Amino acid sequence: MILSLRTTILGVLAAVSCHIAAQGLNSGYFTTDYKQRHTLNPAFANEQQYITIPALGNINVRTQGNFGYGDVILPNPLYATEGGKSLTTFMNPYISTADALKGFSKGDNRIAADVSINLLSAGFKGFGGYNTIEIGTRTSLGLSLPYALFEFAKNTGNRSYDIGDITAGATAYAEVAFGHSHDINDRLRIGANLKLLFGAGRADIKLRNVRADLCANDKWTVQADATANVSMQGFTYQESQEEYNDPQRGTYNKVDDVDVDGAGLGGFGMAADLGAVYKLGDDWTLSASLLDFGFISWKNNMQAVNKSKSFVFDGFHDTAVKSDHSGTIDDQTDKYGDQLADFANLTDDGDQGSRTTGIGATMNLGAEYSLPAYRNLTFGLLSSTRFNGKYTWTEGRVSANIAPLKWIDGGVSFAVNSFTASMGWVLNIHPKGYNLFIGMDHLLGKMSKEYIPLSSNASVAVGMSITW
């Protein structure tokens, strides 16, 4: 993971990067023998004991947002007559303002991404209950851009723009988790996970109260209070020397890139998962869990700020995108990154010492109804809320779950969340000695020619285990 102003903001803006504190497969919450169900509620146990296949036990990737690649990258209106690049950006002057901005929300335009990879885990019976041990990695990204920023980038003709706040963030860490669950009585079961967190890196970029005013020669005076905080072993900002527009003021240094020299542990922390399951009669089961309630204490905080709160910016410029060569998309991202680096106008402020950050907690509330006429068919209602500042989201999901045979179960679901509505599914195959699950909380929609989803909403989870 590259934690830079350029890649963190623009990789997501172009929907090229995806990823990350991870959200589990919600479609599998009510799938009884889904081996990784304890990641959604630590009170859940498995009928079988298991050990995952290394690095393939549970891979979970999810992105969510209310804008995406298909809103930023559009067909080139001149391609049919003049050739050239078949794709361009929404800033192309030959695309009308109405068509260019119709895909963006009038409020905040957000993308949240989570990726988790289970390197190795095991579940076994003992100590009066069911136990789990897990080793894995997690990454999280978040981006929030106000509508006025896209309006300003398109430059619809206004002389002043109150853009608002721009935020971006990323976190990456490894975790070692120890879980246990057991019955309190024949109706109530409780569980907990204790997690040790080993931080790889954390980046937080904030531009507050951004305003742009047109000045001479089609340039803009930008006012903002910008700060970039990065905690990562060996991380430094790279600066270049720039000249002031007023020659009498001489030169100044400006952050235009970053460097990471070596690798190591950037921070250490702890977190906990807590959960409970309660059987309400023969037909209903209620459940609740609080996941990833914890923190990471980072060794350093490399900070960059815009020491001049008012500066001149020469505007964003359209860049066409080839559709027949996927590598060129990265080139366009770099070019936009350079423009955003100019827009932020940051200067290295040095190491500010240690800091402590949260990792984003998730709360799940579930209710499951078992059909009296056929107990292998159940219906579930799951409410999920992720608490993560600007990147907080909520979701409600209804599901139908069936176990037609002893060695296979799964279900289908429908959800509405803070970003979109989605269909999900899970298939869990667990004959003697082996388990394979695969599922999605959001079906993939249309793809670009580079196989990038046009929407920022996507989800896939897959895993394999040896069971006994």
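**Charged pairs and cores**

Guide: D33 and K35 are both buried, a term that stands for under 20% relative accessible area, with exposed meaning over 50% and partly exposed anything in between (1.4 Å probe, protein chains only). The model is a predicted one, in which local features need pLDDT of at least 70 and side-chain atom pairs count only at pLDDT 80 or more, while totals for chains, interfaces and linings use all residues. Residues are numbered from 1 along each chain as its sequence is written, and side-chain values use heavy atoms, leaving out hydrogens and water.

Side chains of opposite charge can pair when their charged atoms come close. D33 and K35 form such a salt bridge, with 2.9 Å between the closest N and O atoms; the criterion is a side-chain nitrogen of Lys or Arg within 4 Å of a carboxyl oxygen of Asp or Glu. By this rule there are 14 salt bridges. R211 and D213 supply another, at 3.0 Å from N to O. In that pair R211 is partly exposed, its relative accessible area being 28%, whereas D213 is buried at 16%.

R375 and D283 also form a salt bridge, their closest N and O atoms lying 2.9 Å apart. This pair joins distant parts of the chain, 92 residues apart: R375 belongs to the loop between β18 (361-370) and β19 (377-387), and D283 to the loop between β12 (267-280) and β13 (284-298). Strands here are DSSP runs of E with at least two residues, helices are runs of H or I with at least four, and both are numbered from the N terminus. R375 is partly exposed, with a relative accessible area of 39%, and D283 is partly exposed as well, at 25%. Elsewhere, salt bridges link R138, E175, K195, D273 and D292 in a network.

Turning to the nonpolar packing, the largest core has 50 residues, of which F90, F152, I163, Y237 and F343 touch the most other members. A nonpolar core is a set of buried Ala, Val, Leu, Ile, Met, Phe, Trp, Tyr and Cys residues joined through side-chain atoms within 4.5 Å. Strand β9 (residues 220-232) contributes the most to this core, seven residues. A second, separate core of twelve residues includes F30, L40, V277 and V426. F152 is also one of the buried residues of α5, a helix (residues 147-154) in which seven of the eight residues are buried. N155 follows α5 and has a positive phi, near 55 degrees.
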